[in-house]
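The structure comes first, followed by the packing.

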Amino acid sequence: MAVTKILARKGRLDVGIRYILNGEKTEDNILTAYQNCDPGHACRQMLDTKRDCGREGGVQYYHLIQSFQPGEVTPELALKIAKAFAAQHLAGYEAVMAVHVDKNHIHAHTIFNSVNAETGRKYHSNARTYYQQVRAISDQLCREHGLSVILEGQPTKAVSYIEWLRQSKGQPTFRSMLDADLREAIEDANDLGHFFLLMEHSGYEIKHGSRLGFRLHGQERYIVPGRKNPQFTEDGIRAAIEGNLDAIAAGTKPVLAYRTPYRPYRKHPKYRGFLALYIHYLYLLGNVRQRQYPPRMTPHLRQEVMKFEGYREQFAFLRGQGITTPEQLTAFQTRTEETLATLTKRRTILNVRKKGRRELYGALADEAALEPVQACFEMGLPGMEEELARYQAAREMLDQCPIPREQLTEEKVALYQQLAEVNREIRAVRKQLTLCKEIRENAPQMEREIQTVENKTKGVNRDERGRR
């Protein structure tokens with residue numbers, strides 16, 4: 001499965017090419033390829049094409065990214081797909097391709113000239129070319145190589161990889177929460193103005209224009225749900241509200257939709273301090289995820305739903321270590337820092353031992369890896385003189401060493417195992433220190449949020465008693 005994104009860039013061409021050809025991300029430029037240009041001269045050739053065609057202004061290049069699902073492709077297959085895509089969709093364009101393996105998901109970058117070297121015409125990217133060409137060809141190549149695609153069917157139903165990944169894990173997204181809020185507001189509204197009022201009370205800012213946009217207070221961008229679902233356009237919302245009212249008038253729909261009643265939190269008597277705080281906060285976040293929260297819930301709390309798993313991990317850490325007070329947290333953090341210092345010192349000692357044996361360990365590796373070269377040389381096969389010299393030098397070094405090969409091999413294996421174990425322990429200790437820091441930073445905000453919610457809940461209950 002490949003999630004595609006194409007970006008038009010007006011900046012310097014050499015900067016973009018240098019970024020995707022980073023040797024640390026492409027295994028020393030092994031995972032790279034070129035189309036209609038030469039390695040080391042791609043930037044100059046693209047600029048020459050622009051100058052020859054008289055199209056040096058505007059968009060300088062396009063940057064295409066293909067992100068694959070973790071564990072589904074190898075780097076070599078990702079590069080093969082990128083090359084096939086360029087050959088099919090970018091015929092005549094000069095392109096540089098590189099596969100990055102620095103993250104847990106393999107992703108291929110393709111930078112191609114905005115001017116076609118054969119026709120002299122500029123490439124134009126819009127929503128139509130993306131869905132009908134870029135996305136369609138990418139999905140076609142994925143199917144040919146036995147990979148999955150995100151969604152089949154209409155291109156308007158495509159979702160981003162992050163959104164698809166969270167949905168596949170059953171985790172909420174801003175879009176899914178907005179979708180639930182929209183449906184609930186449509187269910188309760190008497191007219192379009194009442195609908196806007198309900199959405200504002202739910203914490204959303206509304207952008208009125210050719211399309212309705214919604215965002216929580218603090219979000220940078222508006223989400224426009226009408227792009228993917230016509231029901232959430234202004235006309236669709238108005239029609240849905242009128243349909244609800246007609247159904248109520250005809251007696252085919254109840255006036256009030258049944259919803260699970262809100263139940264206030266009751267403190268668990270067994271938990272105190274940090275544990276009680278996290279239990280309360282996780283309870284609130286769980287209610288937000290299930291849409292069982294009181295009216296006018298704070299936008300900040302909705303955004304905290306996205307961090308639910310992190311808070312649950314912090315709670316499990318506190319319960320496992322028996323930490324309930326800031327003093328206990330400080331004491332644990334101090335002990336953990338001392339443990340980290342001890343482990344770091346131990347790792348340094350092991351690294352010094354490893355450095356002292358580096359040549360011998362390297363000779364062991366060379367002797368084992370290059371042993372077939374000796375047989376090839378004896379058979380008269382040329383072309384491996386350098387490897388043979390390395391093999392003979394390694395063997396001579398090990399013969400002169402007073403330590404037998406078997407003992408040296410056992411020592412190397414034991415040393416590497418000890419280093420791996422120490423590194424694993426250091427990562428675990430650092431994770432604990434990170435959790436301590438996050439708990440200390442999150443606790444004051446959690447207390448304020450809980451107090452805000454409780455005050456609003458008391459106000460709602462007081463108003464309900466007044467109506468009775």
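In this predicted model, the axes of helix 3 (residues 75-89) and helix 4 (residues 127-144) come within 10 Å and cross at roughly 135 degrees. Angles over 145 degrees count as roughly antiparallel, and the angle here makes helix 3 oblique to helix 4. The crossing of these two helices is right-handed. On helix 3, the contact is made by Ile81, Ala84, Phe85, Gln88 and His89, and on helix 4 by Gln133, Val134, Ile137, Ser138, Gln140 and Leu141. Six of the residues in this contact are nonpolar, five are polar and none is charged.

A second pair is formed by helix 1 (residues 13-20) and helix 2 (residues 42-53), which pack at an angle of about 145 degrees with their axes 10 Å apart. Helix 1 passes helix 2 in a right-handed crossing. Helix 1 contributes Leu13, Asp14 and Ile17 to the contact, while helix 2 contributes Ala42, Cys43, Met46 and Leu47. The residues of this contact comprise six nonpolar, no polar and one charged.

The table lists the two contacts by residue class.

The protein as a whole has 15 helices and seven strands. Of its 468 residues, 40% are buried. Among contacts with a separation of 6 or more, 69% are between residues 24 or more positions apart. The accessible surface comes to about 27100 Å², and carbon and sulfur atoms account for 50% of that surface.

Key: Residues are numbered from 1 along each chain as its sequence is written. This is a predicted model: local features need pLDDT of at least 70, side-chain atom pairs count only at pLDDT 80 or more; totals for chains, interfaces and linings use all residues. Side-chain values use heavy atoms; hydrogens and water are left out. Axes are lines fitted to C-alpha atoms, for helices over the stretch in contact, and angles run from 0 to 180 degrees between N-to-C directions. Helices (H or I, at least four residues) and strands (E, at least two) are DSSP runs, numbered from the N terminus. Angles under 35 degrees count as roughly parallel, over 145 as roughly antiparallel, 65 to 115 as roughly perpendicular and the rest as oblique. A crossing is left-handed if the near helix is turned anticlockwise from the far one by less than a right angle, and right-handed if clockwise. Contact means heavy atoms within 4.5 Å. Ala, Val, Leu, Ile, Met, Phe, Trp, Tyr, Cys and Pro count as nonpolar, Asp, Glu, Lys and Arg as charged, and the others, Gly among them, as polar. Buried means under 20% relative accessible area, exposed over 50%, partly exposed in between (1.4 Å probe, protein chains only). Accessible areas come from the Shrake-Rupley method with a 1.4 Å probe; for residues, only the protein chains shown count as cover.
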